[in-house]
Amino acid sequence: MDQQKNVLVIGAGIAGMKACLLLAKTGKQVYLVEKLPIIGGKTIKNEESFPNLECSTCMVAPVQQEILQHPNIKTLTLSEVEKIEGDIGNFTIIINKKARYVSDTDCIGCDMCFDPCPVSISNEWEENLMNKKAIYVPCSGSLPNVPTIDTEHCYHFNGKQECNACVEACMFEAINFDDKDEKVEIQVGAVIIATGSDIYDVSLLPQFGYGKHPGIYTSMEFERLFASNGPTSGELTIRNSEKTPKSIAIIHCVGRKEQDYCSGICCMYSAKHAHFIKHKLPDTKIYNFYRDICVPGKTYQKFVEKINDIETQMIYHNSMDELNILHNENEITIEYITGKSKKETLTVDMVILASALNPGKDFSDISKMAKIDLDKNGFFITNQEKVGSVESTKPGIFIAGCAEGPKDVQTSVIQAEAAVSGVMSCLDS
Amino acid sequence: MKKKIGVYVCECGPNIADKVDIDKIIETVVAANNSENVEIIGDRHKLLCSAAGKVFLEEEIKNKELTHMVVAACSPRDHNSTFINVCKKTELNPYLYKMVNIREHCAWIIPDKDKATNKAIEYIQGGVARVQYQTELIEKKLDTNPDVLVIGGGIAGIEAAISLAGKKRKVTLIERSAVLGGKSVFLKELLPSQAGKEYINKRIKDLTDNENIQVFLNTEIEKIIGFLGNFEIILSDVTNKDKKTEIKTGATIVATGFGLSDVTEFSNINYDTKDEVYTSLEIEKMLSEKGKLKLSSGVPPKKVGLIHCVGRDEKKYCSQICCNYMMKIANYFKKQSAKIEVKEFYKDLCLPHKDDQKLFNLTKKNGVDLVRIKEVSLNGTKIKYSRIDGTIEENEFDMVVVAPPIIPSDSTKNLSEILDIPLDEFGFFQEAHLSTNPVGTSTDGIFIIGNAQGPRGISNSILMAHAASGQIRTQLIPGEQIVPEVKVSEVLEAFCMGCKNCIDVCCYGAIYFDEIKGISVVNEAICRGCGNCVASCPSGSIRLKHFTNEQIYQEVIEALK
Ligand SMILES: Cc1cc2nc3c(=O)[nH]c(=O)nc-3n(C[C@H](O)[C@H](O)[C@H](O)COP(=O)(O)OP(=O)(O)OC[C@H]3O[C@@H](n4cnc5c(N)ncnc54)[C@H](O)[C@@H]3O)c2cc1C
Ligand SMILES: Cc1cc2nc3c(=O)[nH]c(=O)nc-3n(C[C@H](O)[C@H](O)[C@H](O)COP(=O)(O)OP(=O)(O)OC[C@H]3O[C@@H](n4cnc5c(N)ncnc54)[C@H](O)[C@@H]3O)c2cc1C
Ligand code: SF4
Ligand code: SF4
Ligand code: SF4
Ligand code: SF4
Ligand code: SF4
């Protein structure tokens, strides 16, 4: 195989996966590097996706399966790119592939190693809303369905105690403590960066009280709370309690001012969240605090029209700076300025903060390593000399999905397919 | 010939082995089926999906000369493809193999071992019955034509053509008007980049200079038949309908763009042609052509009102780009003279892209009065509006600019019939899947890009052009063949009554009517094997290969015995 025709895709979200599948059709060897133990990205955290409210798993699982089974795609999970050297048509890549300690050829995903493990730690993938064992998969339905070991907390590795429980439980001899981190070196002709984005850290804004009251959630936490494979199996109960909220406020645009951009998706997913709540808890009162409704394109407005002001009460407020969330043990009170410039308050049991999407923490490292530029916000910037481009500032490296800026699945897929076209241009002409 | 059916039960470690009695299963299945015509070869294996398991199956197929195979193991979701790949390494046609799920359906859910064993036996018996009615299916390879037709010479169509054209792939672009560039040529500036007309003109030149692209102006499509890889197309000249051109391509891209709705159809907008009220596009044209924004009297305006979202409530969608371009237009006035008083009326600000907020900040800085409103109406050049606090005001302007909704291009409906591509509820072309395949359509090989799919700006239209290009370049490789789906429907000629029900229910336009024979015929290259037509046929004359009624009955009957 002509190595210069190989392609590296960084990030196995919907954008990265879609790009891989198209490229693999041409017979090219595609390397998909994902830092988590599983592929799928953010979309698999959602039970249902706007605008069709279809099951996200049904939408994404076939794509994940095809990725894992495709003979031309080599998926490297628990991996990060360490070095990108060379130029278009001829990049040398070094990948740090962390040890999984579980063999993906021997493990059949039976889960029998979890119960015996004595360690219980917070599950970050589940937005810390539940615990996991030191040997774990992030959620049920993970793909690949092969556990990994958290060596920081596993007794065997941190030496706190002797333990071999998982090895004993595994009938397939799939667990191997001697597994080692590996450096993988590959040659590729082009690179697609599809690392998605992070979510704005709402605890930076004390006015919203995040982290100070169990009833205050971020939107991503809420996605997991609602998910049937999530921490409460989809039951909407307030953190650390069995209490069902009787009233919920959804605050739009959290972090918009600080980031100085509108994320373009939070009005949509906030309407989706209101709909979810109405569906599960018909008697719960829902309030959406908004300043703009941003529902671009042909189908989004119709989606929110069926929800906003019907399933949820829309409350326009005058100023984000003057919206404060006060709380004591029993109540959460939202203090805000109405459209008529009056100060009002509303007391609720639960709050969901629709937080902005923002650049990943490692974007600046990647940009230095790949010698490509970021924009003023810290997202990867595309070639500004062209209109509608997915080229980065270095030929042969392309950007797709939320790595370029906040966006929905639709535009992430469009960019991924456009990046494929770009890769084909530089490798096949 | 005697059938030799291999039945292999996977232990899945303890997962299946501990929960059902595998030996009993094999014994029962062998005893129940062995006959003069059938020999069952039953065996168990520790882990069929492992490397050793796959070799074991491969050897069994070869050494025992199996004619059929049943694998009883986990969910086909996990490993159907694993065992299909095993078959492919041997002489056994993969369509003569069947997977039965006795893990999720039996072992994992039934605590009582006897009951679980019995259910597993029933399932496997169903599988053994079914597999005998399965038939070999052979994948066919079809030659393909890599060339592409692009319909519409706006920026989306132009970019698609340039991206795809090469030595091994010719592109034909047709434009029904006499000029290229679509609406973009009227835009003075182009957001968010400051490129304007120059950029569009450069791309038009790149297009016409490209020797692998043939451009037909004043041309429309009249007829198209075929499927991905093989389309036959007739083009006709708009000015002389008898002048026709026949071409062949492998894919077609629809880039027919948008129109603007007539704003006077909305009850809150009332004005006369003599009033100084302009649509956004008229302002762009005025500035492009005359270099200055003036009233019809020739003097520049002093007080301008801009109204966003006209007709948005009626159309039930947000046009996505007008917030941005209205601020651009407000700045045109401010650039012409900072003294012009500009008031911009909006309900929501739709600034979905990360760079859009910059424009908002700039617009405010330039002194444009951005007024958030609840309701607005226009009478001549008088704008009456209610502010968010409920106060109602009325201002007279000497010039008013309105942002009409983006609507589908007027040729869309007709084109949808010619192409047999459905429209959505708003009249735009309907994509294959809004989130996961926004440029595809119900017909493989036909793509929709730019505003033909829905309202959007230039960058996004160009991105879609490249997305379609990405799909075509990876699916239609010059010199390579394609393998269409083999699990397709077929109409049994003798039974078809010619009622055409099936033609109505097929979402992929895969069925055509043979007028001479008076029957429906499935085009195997287009059919996706969804089975809609099978269910719709009153005479039961459609068969879906690999999912025939007989195969399903046999499986169900045997399992229920
Ligand atoms: C709460 C919420 C709800 C949403 N709901 C919807 C919805 O209903 N419908 C919709 O259309 N959109 C929705 N979205 C938006 C949607 O999630 C994004 O459009 C989509 O996930 C973008 O896909 P992506 O592939 O660009 O990024 P991601 O899905 O974020 O995937 C990026 C992948 O890259 C990996 N990665 C990151 N950095 C590295 C690195 N350095 N090395 C290797 N791998 C790396 C990540 O682990 C991840 O797997 C929602 C977003 C949020 C926050
Ligand atoms: C006032 C205004 C200002 C704007 N400003 C900006 C801006 O600053 N930045 C930005 O990004 N976007 C802007 N836009 C949007 C921009 O104009 C569109 O995104 C862009 O023109 C879309 O290109 P297109 O190729 O999809 O469609 P179009 O430009 O509509 O082109 C479609 C072409 O197809 C042809 N056609 C139609 N039917 C047929 C047929 N049946 N057969 C053959 N040919 C056919 C048409 O004649 C036309 O040439 C603005 C829009 C308006 C109205
Ligand atoms: S490691 Fe072993 S016990 Fe754990 S899931 Fe895999 S096969 Fe089962
Ligand atoms: S060895 Fe580690 S992972 Fe395994 S059971 Fe013990 S603590 Fe858990
Ligand atoms: S999409 Fe809506 S909630 Fe999100 S930043 Fe934009 S206006 Fe605010
Ligand atoms: S883009 Fe702005 S002006 Fe246009 S319909 Fe949407 S909200 Fe209204
Ligand atoms: S099976 Fe589906 S796609 Fe095929 S002809 Fe019938 S209705 Fe059309």
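**View 1. The hairpin of S19(A) and S20(A) in a predicted model.** S19(A) and S20(A) make a hairpin, with four residues between them. Strands here are DSSP runs (E, at least two residues), numbered from the N terminus. S19(A) covers residues 324-327 and runs antiparallel to S20(A), joined by four bridges. Two strands pair if DSSP finds at least two bridges between them. Ile325(A) has Ile334(A) of S20(A) as its bridge partner. The model is predicted: local features need pLDDT of at least 70, side-chain atom pairs count only at pLDDT 80 or more, and totals for chains, interfaces and linings use all residues. Residues are numbered from 1 along each chain as its sequence is written, chains are lettered from A and ligands numbered from 1 in the order in which they are written, and side-chain values use heavy atoms, leaving out hydrogens and water.

**View 2. S20(A), covered on both faces.** Six of the six residues in S20(A) (332-337) are buried, meaning under 20% relative accessible area (1.4 Å probe, protein chains only). In a regular strand, side chains alternate between the two faces of the sheet. One side of S20(A) holds Ile332(A), Ile334(A) and Tyr336(A). The other holds Thr333(A), Glu335(A) and Ile337(A).

**View 3. S20(A) beside S21(A).** Six bridges pair S20(A) with S21(A) (343-348) in the antiparallel sense. Ile337(A) stands opposite Lys343(A). Five residues lie between the strands of this hairpin, where Ser341(A) takes a positive phi near 65 degrees.

**View 4. Polar contacts of ligand 1.** A polar contact is a pair of N or O atoms within 3.5 Å. A polar side-chain atom of Lys272(A) lies 2.7 Å from a ligand 1 oxygen atom. For Ala15(A), a backbone N or O atom lies 3.0 Å from an oxygen atom of ligand 1.

Conventions. A polar contact is a pair of N or O atoms within 3.5 Å; within protein, one must be able to donate a hydrogen and the other to accept it, and residues adjacent in sequence count only if both atoms are side-chain atoms. Buried means under 20% relative accessible area, exposed over 50%, partly exposed in between (1.4 Å probe, protein chains only).
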